[in-house]
Amino acid sequence: MKTDIEIAQEAKMLPIGQVAAKLFVSEEDLEYYGKYKAKFADSLYGKLLDKPDGKLVLMTAVNPTPAGEGKTTTTVGLGQALGKLGKNAVIALREPSLGPCFGIKGGAAGGGYAQVVPMEDLNLHFTGDFHAITSANNLLAAMLDNHMQQGNALKIDPKQIVLKRCEDMNDRALRNIVIGMGNRMDGVIREDHFVITVATEIMAILCLAEDMKDLKERLSRIIVAYDRDGAPVTAKDLKAVGAMAALLKDAIRPNLVQTLENTPAIVHGGPFANIAHGCNSVRATKTALKLADYVITEAGFGADLGAEKFFDIKCRMAGLKPDAVVLVATVRALKYNGGAMKEQLSKENLDALHKGISNLEKHIENIKKYGVPCVVTLNRFVSDTEAELAYVKAFCEERGCEFALSEVWEKGGEGGIELAEKVLKTLGGKKSDFKLLYPDEMPLADKIEMVAKEIYGADGVTFDAAAKKQLAKLSEMGFDNLPVCMAKNQYSLSDDPTKLGRPCGFTINVREVYVSAGAGFVVVLTGTVMTMPGLPKVPAAERIDVDDAGRIVGLF
């Protein structure tokens with residue numbers, strides 16, 4: 001069996017101009033990054049404003065397990081399948097982070113015969129967007145520390161600095177550091193921290209900004225610290241906005257690539273869903289909706305994280321109204337949620353499946369809370385038995401969901417025809433009555449409790465003393481009307497990653513709360529979730545190499 005990267009390297013890619021032509025995008029509205037990558041020029045969206053929007057389909061999943069679910073693979077395969085059915089479809093994805101590529105997951109461009117290409121470029125440096133975001137964040141950090149070194153006219157309290165430096169890598173050693181050591185000219189000595197680039201506020205801002213004007217306004221509102229009187233100090237106060245915007249000038253433009261079957265793929269932005277809002281850029285999604293009749297986008301991790309934030313943050317801010325949701329699961333993942341050991345997942349185990357399917361059940365219920373029709377698809381493995389498949393199919397149909405098997409990993413678009421037909425049937429026969437989970441005017445603590453109870457199934461929420469104090473301050477500052485961005489482990493509906501399936505009788509613990517004023521949401525840290533991941537004992541980086549011909553091997 002060929003590896004994903006071997007399949008990708010054998011792909012017959014079209015010149016990116018020909019891919020753009022499928023969407024009726026002309027040469028003058030493209031900025032080329034070699035033969036197979038391009039960015040949309042700023043001029044494009046203005047030309048599309050009078051066009052009607054296509055149908056918006058969100059791809060989400062059950063809670064991730066070591067068995068794998070294949071959400072991105074299914075997204076790509078569905079886009080390819082719609083193309084085979086003669087539909088004008090485009091997929092809209094996030095860009096992969098280097099951290100997971102070199103850590104546990106490996107590549108993040110889909111898999112098998114449902115991939116986005118050029119796969120190596122996408123997974124590594126791509127068009128430089130993440131480098132631009134990292135540079136803009138660290139420029140702001142450098143200007144902050146320089147301001148304190150040069151007299152501190154803004155009276156910044158070194159004990160109340162909230163901006164963190166970043167890099168797009170899993171490096172646990174940088175979580176907590178001390179800077180400014182050395183002589184007097186080496187800066188103010190203080191504790192500092194790093195987060196991964198995809199957890200930064202600037203990443204969120206880039207993904208939520210409508211245009212350059214909106215981007216600069218959002219950048220100006222970033223709170224970097226508080227002064228000695230407790231008043232916020234912003235990026236605007238540091239006069240950093242113009243230079244940051246200059247670094248992000250190209251990064252704000254969505255990227256165009258293609259799938260193995262030459263389906264257009266708009267790939268832009270990449271906030272993590274467990275520690276950020278987990279969706280690709282508003283600009284990319286809105287452009288896609290003007291260019292195609294069907295747009296398939298995805299949100300990170302399980303529906304408790306990515307889908308909730310897609311609905312309650314992205315759709316709220318951008319005015320988007322999804323027409324359908326595809327919920328991805330695997331028999332293997334459901335058995336794992338039911339207590340089956342990883343090494344036993346290839347064996348039929350209806351008892352474990354009966355127990356673990358409660359995880360899928362909860363995600364179906366959650367999607368229905370938003371009023372959006374749901375299609376469940378099983379990413380099929382060769383070890384799945386007919387009895388297991390029949391049980392899941394009946395379970396889903398009893399709950400009013402269309403059901404389809406997906407074999408896109410093995411067969412590409414052809415393996416997604418059944419799913420595509422069920423999605424088209426749902427779009428044609430069921431109306432989306434999309435609604436948000438909570439109103440803007442609800443107090444922050446109540447919003448947190450609403451998500452915890454309604455989406456996670458918790459009995460309630462406990463707040464550490466520090467979190468209570470932070471909530472009170474944010475309310476006093478007028479941020480009560482913002483949505484909440486819950487930072488939670490991805491493996492469980494609870495804040496304890498060991499509680500699989502559909503846990504009950506638990507509470508969610510909130511340890512820290514802070515505002516991302518530029519992004520426009522309040523971040524809520526729960527459990528032990530980290531904003532700077534670490535590498536595993538055997539990182540994927542150990543398998544990656546470049547052969548004598550300059551070809552990358554081992555990426556996935």
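Biologist: How much space lies in the second largest pocket?

Modeller: Please bear in mind that this is a predicted model. The second largest pocket holds about 1,400 Å³ of space. Its lining is made of 45 residues, and those closest to the centre are Ile161, Val162, Lys164, Glu512 and Tyr514.

Biologist: Which elements give two or more residues to that lining?

Modeller: The strands among them are β7 (156–161), β10 (190–192), β11 (194–196), β12 (223–227), β22 (507–516) and β23 (521–526). The helices α8 (201–208) and α19 (465–476) also contribute at that level.

Biologist: And which of them gives the largest share?

Modeller: That is β22, with six residues in the lining of the second largest pocket.

Biologist: How do the lining residues divide into nonpolar, polar and charged?

Modeller: For the second largest pocket, 26 are nonpolar, eight are polar and eleven are charged.

Biologist: Let us change topic to strand β6. Are Ala114, Gln115, Val116 and Val117 buried or exposed?

Modeller: All four are buried. Ala114 and Val116 lie on one side of β6 (residues 114–117), with Gln115 and Val117 on the other, and both faces of the strand are covered.

Biologist: In which sense does β6 pair with β5?

Modeller: The pairing is antiparallel, and it extends over two bridges between β6 and strand β5 (residues 110–111). Gly111 has Ala114 of β6 as its bridge partner. Together β5 and β6 form a hairpin, with two residues between the strands. One turn residue, Gly112, has a positive phi of about 60°.

Biologist: What about β14, how many bridges join it to β6?

Modeller: Two bridges join them, and β6 and β14 (residues 255–259) run antiparallel. Within β14, Gln258 stands opposite Val117.

Biologist: Next, helix α11. Why is it described as largely enclosed by the rest of the structure?

Modeller: Ten of the ten residues of α11 (residues 282–291) are buried, so the helix is largely enclosed by the rest of the structure. The buried residues include charged ones, among them Arg283, Lys286 and Lys290.

Biologist: Which salt-bridge network includes Arg283?

Modeller: Arg283 is linked with Glu31, Asp42, Lys249, Asp250 and Arg253 in a network of salt bridges. Within it, the side chains of Lys249 and Asp250 meet at 3.0 Å, N to O. Lys249 counts as partly exposed because its relative accessibility is 40%. Asp250 also counts as partly exposed, at 28%.

Biologist: How many salt bridges does a search of the whole structure find?

Modeller: The search finds 33 salt bridges. Side chains of opposite charge can pair when their charged atoms come close.

Biologist: What is the salt-bridge partner of Lys2?

Modeller: The partner is Glu10, and the closest N and O atoms of the pair are 2.8 Å apart. Lys2 has 38% relative accessibility, so it counts as partly exposed. Glu10 is likewise partly exposed, at 47% relative accessibility.

How values were computed. Residues numbered from 1 in each chain as written. Predicted model: local features only at pLDDT ≥ 70, side-chain atom pairs only at ≥ 80, totals over all residues. Heavy atoms only, no water. Buried < 20%, exposed > 50% of the residue type's maximum accessible area, 1.4 Å probe, protein only. Pairing = 2+ DSSP bridges. 1 Å grid on protein atoms, 1.4 Å probe; cavity = no way out; pocket = protein on both sides within 12 Å on 5 of 7 lines; lining within 4 Å. Points joined across faces, edges and corners; volume = space filled by probe spheres on them. Salt bridge = Lys/Arg side-chain N within 4 Å of Asp/Glu carboxyl O.
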